[in-house]
Amino acid sequence: MRKNRWTQLGSLILAALIGLSCGLLIPGRNRSVPVAADRPALFSDAAVEEAVSVFAVDQHAAQTGSFSIAPSRNDQDRLETVSPEETSAGYMFSIRPIERVSATAKKILIYHSHTYEAYEQSGTPYAETEKWRTADEKCNMLRVGEELTLLLRGLGYQVVHDRTAFEPPDLSGAYTRSLDMLNARKENGETYDLYIDLHRDAYVEGQAGENVVVAGNVKTARLMLLIGKGEGYTNAGYEEKPDWEANLLLAQGVTDALNEQLDGLCKDVRLKSGRFNQHVAVGCMLVEVGNNHNTLEEALAAMPYLADAIHSVLSQ
């Protein structure tokens with residue numbers, strides 16, 4: 001009798017270990033990979049979701065070892081870089097404990113004064129509001145900002161992505177309207193460690209250097225950070241000027257960190273006489289992500305580099 005009881009106990013333990021192995025390799029509900037209907041119900045979905053994150057990535061990019069992660073909506077706050085171990089289904093699997101965003105994490109605001117800026121027509125065509133601009137959020141700067149937001153959240157930052165379209169009803173008033181947003185947040189008691197106005201630059205014929213940087217067969221749009229001195233066109237300056245030297249120090253750090261990752265990815269910091277709303281706080285910068293001769297895919301490819309560069313500066 002005792003022997004049979006020990007045999008039964010051993011069988012239960014073995015079954016549990018086998019079930020655990022299976023459970024850790026099966027994605028949870030609402031993932032990119034379909035879950036088998038007959039999955040052993042040894043653990044709750046919540047327990048499996050706590051232990052496993054699954055991401056689907058492009059096969060070609062995975063083979064090159066240079067890609068950004070495209071998470072499902074349920075994985076927005078749980079990003080990481082995964083090693084290229086390809087499965088037969090063409091998906092990438094990563095098993096790890098999920099990192100929670102700390103309540104004391106640094107805070108970042110991302111917005112787009114020129115929300116409708118867009119790239120070359122490629123992949124999914126978009127309807128233009130005017131040349132090189134669209135209200136289609138899947139193709140304008142909101143899409144690029146969303147990518148950066150997800151990556152920074154995955155690094156542990158508290159990120160607010162303001163999706164307001166500041167261009168309507170006229171482009172000339174866009175900075176005035178984005179300043180209204182910044183002031184409203186300030187009056188509401190919101191403060192951030194970093195304020196990013198994310199843009200797309202304009203291509204200039206005969207501009208120096210290549211329009212992309214290539215790494216692992218992946219074309220990546222070049223970046224440029226812009227800092228305003230607040231002098232104005234007459235050099236009289238605005239009544240409220242930015243602390244441009246502090247902003248410049250931050251922008252130079254991000255620029256250096258970008259070029260350390262990929263040589264030539266970021267152009268020299270550009271100092272201009274305008275203010276660009278950078279007087280609202282220390283820690284403001286305008287980031288140009290490629291230009292209108294780049295594709296959206298090339299712009300998105302630059303976002304993991306930008307997120308890592310920001311992290312290297314803010315974590316110091």
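**Figure 1. Where helix α6 meets helix α8.** Leu250, Gly253, Val254, Ala257, Leu258 and Gln261 on the α6 side touch Tyr305, Leu306, Asp308, Ala309, Ser312 and Val313 on the α8 side. Sort the residues of this α6–α8 contact by class and you get eight nonpolar, three polar and one charged. Keep in mind that this is a predicted model.

**Figure 2. How α6 and α8 cross.** Helix α6 covers residues 244-261 and helix α8 covers residues 303-314. Their axes lie 8 Å apart, and the packing angle is about 125 degrees. As for handedness, α6 and α8 make a right-handed crossing.

**Figure 3. Helix α4 packs against α8 too.** Helix α4 runs over residues 141-154, and it packs with α8 at an angle of about 45 degrees, the axes being 9 Å apart. That angle makes α4 oblique to α8. The crossing of α4 with α8 is right-handed. From α4, the residues making the contact are Val144, Glu147, Leu148, Leu151 and Leu152, and from α8 they are Met303, Pro304, Leu306, Ala307 and Ile310. Split by class, the α4–α8 contact has nine nonpolar residues, no polar ones and one charged.

Figure 4. You'll find Ser178 in helix α5, which spans residues 174-187. Is Ser178 buried or exposed? Its relative accessibility is 0%, so Ser178 counts as buried. Which residues does Ser178 contact, leaving aside its neighbours within four places in sequence? They are Tyr111, Ser113, Phe166 and Asn277. Thr164 is another residue to look for in this view: the C-alpha atoms of Ser178 and Thr164 are 8.4 Å apart, and the two residues are 14 apart in sequence.

**Figure 5. Zooming out to the whole chain.** Altogether, the chain has eight helices and twelve strands. Of its 316 residues, 46% are buried. Now take the contacts in the chain with a sequence separation of 6 or more: 73% of them join residues 24 or more positions apart. Finally, the accessible surface of the chain is about 16,500 Å², and carbon and sulfur atoms account for 52% of that surface.

Note on methods
Residues numbered from 1 in each chain as written. Predicted model: local features only at pLDDT ≥ 70, side-chain atom pairs only at ≥ 80, totals over all residues. Heavy atoms only, no water. Axes fitted to C-alpha atoms, helices over the stretch in contact; angles between N-to-C directions. Helix = DSSP H or I, 4+ residues; strand = E, 2+ residues; numbered from the N terminus. Left-handed = near helix turned anticlockwise from the far one by under 90°. Contact = heavy atoms within 4.5 Å. Nonpolar A, V, L, I, M, F, W, Y, C, P; charged D, E, K, R; others polar. Buried < 20%, exposed > 50% of the residue type's maximum accessible area, 1.4 Å probe, protein only. Areas by Shrake-Rupley, 256 points an atom, 1.4 Å probe, with all protein chains shown as cover. Parallel < 35°, antiparallel > 145°, perpendicular 65-115°, else oblique.
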